[in-house]
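Subject: Handover of a structure for your review

Dear colleague,

Please find below the structure that I am handing over to you. I would be grateful if you could read the notes that follow alongside it.

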Amino acid sequence: MNCELLATCSALGYLEGDTYHKEPDCLESVKDLIRYLKHEDETRDVRQQLGAAQILQSDLLPILTQHRQDKPLFDAVIRLTVNLTQPALLCFGSVPKEPSFRHHFLQVLAYLQAYKEAFASEKAFGVLSETLYELLQLGWEERQEEDNLLIERILLLVRNILHVPADLDQEKRIDDDASVHDRLLWAVHLSGLDDLLLFLASSPAEQQWSLHVLEVISLMFRDQHPEQLAGVGQGRLAQERSTDVAELEVLRQREMAEKRTRALQRGNRHSRFGGSYIVQGLKSIGERDLIFHKGLHNLQNYSSDLGKQPRRVPKRRQAARELSVQRRSALNVRLFLKDFCSEFLENCYNRLMGSVKDHLLREKAQQHDETYYMWALAFFMAFNRAASFRPGLVSETLSVRTFHFIEQNLTNYYEMMLTDRKEAASWARRMHLALKAYQELLATVNEMDVSPDEAVRESSRILKNNIFYVMEYRELFLALFRKFDERYQPRSFLCDLVETTHLFLKMLERFCRSRGNLMVQNKRKKRKKKKKVPDQSVASGTVPCSPGELEAVWPSLAEQLQCCAQDPELSLDSMVPFDAASEVPVEEQRAEAMVRIQDCLLAGQAPQALGLLRSAREVWPEEDVFGSQDISPEEEIQLLKQIFWAQLPRQQGLEERGVEEEEEEEEEDEEELQVVQVSEKEFNFLDYLKRCGPRGLRCFANSTVVRAYVLLLRSYQQNSAHTNHCVVKMLHRLAHDLKMEALLFQLSLFCLFNRLLNDPAAGAYKELVTFAKYILGKFFALAAVNQKAFVELLFWKNTAVVREMTEGYGSLDGGSSSRRPPVWSPEEEAQLQELYLAHKDVEGQDVVDTILAHLKTAPRTRKQVIHHLVRLGLADSIKDFQRKGTQIVLWTEDQELELQRLFEEFQDSDDVLGNIMRNITAKRSRARIVDKLLALGLVAERRELYKKRRKKLAPSNLPNEEESLHNFCQEDLEEEENLPEEESEEDEERWRSSEAEQAHGTSSLSTQNLGQSLHLEGFSAPLLWLQNCLIRAADDREEVGCSQAIPLVPLTAENEEAMENEQFQQLLRKLGVRPPASGQETFWRIPAKLSPTQLRRVAASLRQPEEEETLQPVLEPKVPGEQGPEEEHQQEHRAQALRALLLARKKKAGLVSPEEEGTDEGKEQLKVAPRKRQLLDSDEEDEDRSPAPESGAPGIKKKKQFQIEDEDESD
């Protein structure tokens, strides 16, 4: 032991007799031990040393029981004890696989078992119970945080002690004997802790401890069986007595059979001279008959496997072990647990389960805490069903929502077991708990059917109607059977799965019979194919015609070609004879271009055919395939005639080409979307057994399901009578009801039948024996007709093979010819071989396409032809027929140098990537070129390859301020740093259109005209709002010193309507306001590049010229004879105030000259400054003051300042 630990433990105190004397430094020593445990290594050395020194038995427990009045010491000891008793799995994370760490794990587990035995005393639990009782007496307002921590630690300590697994090898206890766990439970009962647990479970004020309480209760009943616990104290039931009698009868029959066997054996007086025999018909290792050197009575036990070394099964393939062990506790403990269950059901179950379910749904619980919920559901509902069935006691968990919750978790565990292979065993155990809960829910609903209460039966009918209606509940068991894995799931899981399936099918069959017809939900996944716009050859739907039709079509087509050849305006811009984005090199696309020209001719499209021919001549001038450069129009027509009459090899459809790699950023050629269509259909029980689901992909009549049932049937001697009945009932449904006896014709099952029929206790398995004889009789009846049935015994079969066995081989060809390809006849194979040998060495053509064009048989696909060529031995592999260009073409060194040269040549251009794609020799897709540029390090990011937007120069007739505004607008449109590549390319057309609109707007409308037209349409208030936003942005940028894009957020319906108006948006673009980026932004934004001076200049350009007439009478004096001195003075004062406001506005915008600054308008400017600030601050205040009163001075309208500004600018 470590010297520091030894010194610390010595400072705790000492035990003298039954009295423990603590040292003065006892509290500090306990805290030191807590600190040591906190910093222990991964081998848990401190924990092991304290366990070896028995600190808990000799020091901590005496301190707990004798020094409870010392509250700080008591709290510290509780903390230390909780830490020492925490589960070994929690310390190490999982069971270690490394031998050294596994040794440490087992050592810690042994110390925990010693701790559990030390706690099995009434004194220790009495102290814990008294402390917990005193804390629970405090109201929630009187409890401190330390009190709640102490309550939680006491519950955790009880949990840790109960969680320690029993050491069966060490205890060696039999049923009805008191084990360590039983003694611990009896101490809990004597201390009164069980009553406190019931109080915590039933009290609404203590819901925070609901998960702790449920965990403790689940550990208390860990080894108990609910149905056996419910029958304690009632004497032996008739069913139990009959079960025991049947077991004794089986043992008696086997014992009598052994006696008869021994009586028939001869004496072994001469062991070496028993004789030797030749067994005729049984070959030895060679060709001779087997020689048997033992007595004849041992011949029936002979096996060829005698003396052989058994095959070792690897660990990863070994069957899962049973972890849960159920045993009968002592009678007094079982009586106490039964009373606890009864009180818990009556007072606590519904409230506690509702609280726990709420914690789980709100994610207040820890990970995997739902397993305790599912255990409690299965255990207490089974106890209620077996004791005295009262549905009201379990009403909280008897609902469709509970079925959905269990099914959802069961499906989740099932999927996680398939994906998380390292923890597959843990997920399988959780799935077993969920299956048990689901089984108990079904059993409870089934029990409600026979209840004497009509309301209970009606509730059961409603529940079953909802369960059987949903397709997921019906297909759940098929999924579990389909993915059953005996490496992770033990035999008990398979047993529960078989019994649950049997119960579900029985309830479903009974429900269908009582209802007559049952409507259920039907889900079907429908595939939709979204295709690109096809080529002209595909769209036209043309196919090569017969020679007679070609002769009739050509004269009219020749006239059209002659007219087109003489047309000098025939454009070649839109005629591209190759696919630049394809992985197939351009040199190898000549054949496809020839086919496109022929398709155009067949469709009667003479201009397109001639244009394609001339474009192809420019792309492929070598060898004059499409004519020479100086070809005459007559020679072109003759060449087109040859193409028209030629038999060109054509490629098959997309479905028959095989899978071609498409790694473009463009949309795919064909996109499959699965849409789930929900409908209703009438339910048929036999169809459910055959198909089980609308798609019919999985069914009970399946070899996977049958294999699982046979696996469970192998252990028929260990199975219960009910389990064997469930297995035989399902196999009988498949064999008799569905007429699929051949599904069970399997050699391993027949070996099992042989073992069953030779079992001395076969009389106890009458149902199994009867079924085995029925299947064997059907097999020998079939074997008399079909001799191949003996060979079929070696294989598991599906429904199609079963049908062929019973109805004759080849019977499926006529019934499902659409699913299977037609059989190749000898004549077709000879023709295929001839065509392949004739065209396999021809260069420049695809041999499979040529065969398909000349094959005069039933329609075949490319895949069928290739597979049959390989089957005939004419080709070695399918890879020999891969299309050229379908694989990724690697970059050569010359191509990389060419790409680098083109990048250096066009890196300063507006469209770097487009110029490279147009000038590169080996045509590749855009994505390939971008990836290669990034790999070569020529660009750091994809955004450097974005297409730049050109600035458009403003016309010379624009004013200076409008020219600057337009330049700022165009500069802002170049800001695409934040846009991804996909959105930038997708929005290219939109940007071009917006630029075109801006150019058109600049030439046709000025800012003044746009503002005037918007004012006439009723957008005066939005214009004032926009002007205020620009001025506020300028003020903010002056104060802060930095600028960023500011969104224009319309808060009123009027402004929002204006922002959606096209003419208003055109004005925003002209002013330089940036539109929202596609998919990223919602609002228009004031660009960050506009300075405060430019923003004020933009705001000043928002004037409304139509108000000149309104403002003019105010500024022009009346006729002297018509106005009085007061009116003249008032008019002059108003004009001076507006001129001062204009001067201040222009000065702030930087538009005033130094001479104008020195004028004598300073006083008036100071006088109207407050009014100016109000005009610039709020457009809502402007609207309130807009109807100016007749009296005048305070009611200055904001739009009058625009008229004055125009007059001064004109001066």
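Predicted model: local features only at pLDDT ≥ 70, side-chain atom pairs only at ≥ 80, totals over all residues.

Residues are numbered from 1 along each chain as its sequence is written, and side-chain values use heavy atoms, with hydrogens and water left out.

Overall composition

The protein chain holds 57 helices and eight strands; helices (H or I, at least four residues) and strands (E, at least two) are DSSP runs, numbered from the N terminus. Of its 1211 residues, 44% are buried. Here buried means under 20% relative accessible area, exposed over 50%, and partly exposed in between (1.4 Å probe, protein chains only). Among contacts in the protein chain with a separation of 6 or more, 73% link residues 24 or more positions apart, a contact being heavy atoms within 4.5 Å.

Helix pairs

Two packed helices are described by the angle between their axes and the distance between the axes. Axes are lines fitted to C-alpha atoms, for helices over the stretch in contact, and angles run from 0 to 180 degrees between N-to-C directions. Angles under 35 degrees count as roughly parallel, over 145 as roughly antiparallel, 65 to 115 as roughly perpendicular and the rest as oblique.

Helix α47 (residues 1020–1040) and helix α49 (residues 1062–1071) have axes that come within 12 Å and cross at roughly 25 degrees, so α47 and α49 are roughly parallel to each other. P1022, L1023 and L1026 of α47 make the contact with F1064, L1067, L1068 and L1071 of α49. By class, the contact of α47 with α49 has seven nonpolar, no polar and no charged residues. For these classes, Ala, Val, Leu, Ile, Met, Phe, Trp, Tyr, Cys and Pro count as nonpolar, Asp, Glu, Lys and Arg as charged, and the others, Gly among them, as polar.

Helix α21 (residues 454–469) packs against helix α23 (residues 491–515) at an angle of about 105 degrees, with their axes 11 Å apart; α21 and α23 are therefore roughly perpendicular to each other. On the α21 side the contact involves R461, K464, N465, I467 and F468, and on the α23 side F504, M507, L508, F511 and R515. The contact of α21 with α23 comprises six nonpolar, one polar and three charged residues.

For helix α37 (residues 826–839) and helix α38 (residues 847–854), the axes come within 10 Å and cross at roughly 135 degrees, which makes α37 oblique to α38. Q831, L832, L835, Y836 and H839 in α37 meet V847, T850, I851 and H854 in α38. These residues of the contact of α37 with α38 divide into five nonpolar, four polar and no charged.

A search of the whole structure finds zero disulfides, a disulfide being a pair of cysteine sulfur atoms within 2.5 Å. For C564, the nearest cysteine sulfur is that of C563, 6.7 Å away. C564 counts as buried at 13% relative accessibility, and C751 is partly exposed with a relative accessible area of 47%.

D195 lies in helix α12 (residues 193–202) and is partly exposed, with a relative accessible area of 48%. D195 and Y133 are 62 residues apart in sequence, and their C-alpha atoms are 10.0 Å apart. Q49, in helix α3 (residues 45–52), is partly exposed at 21%.

With kind regards
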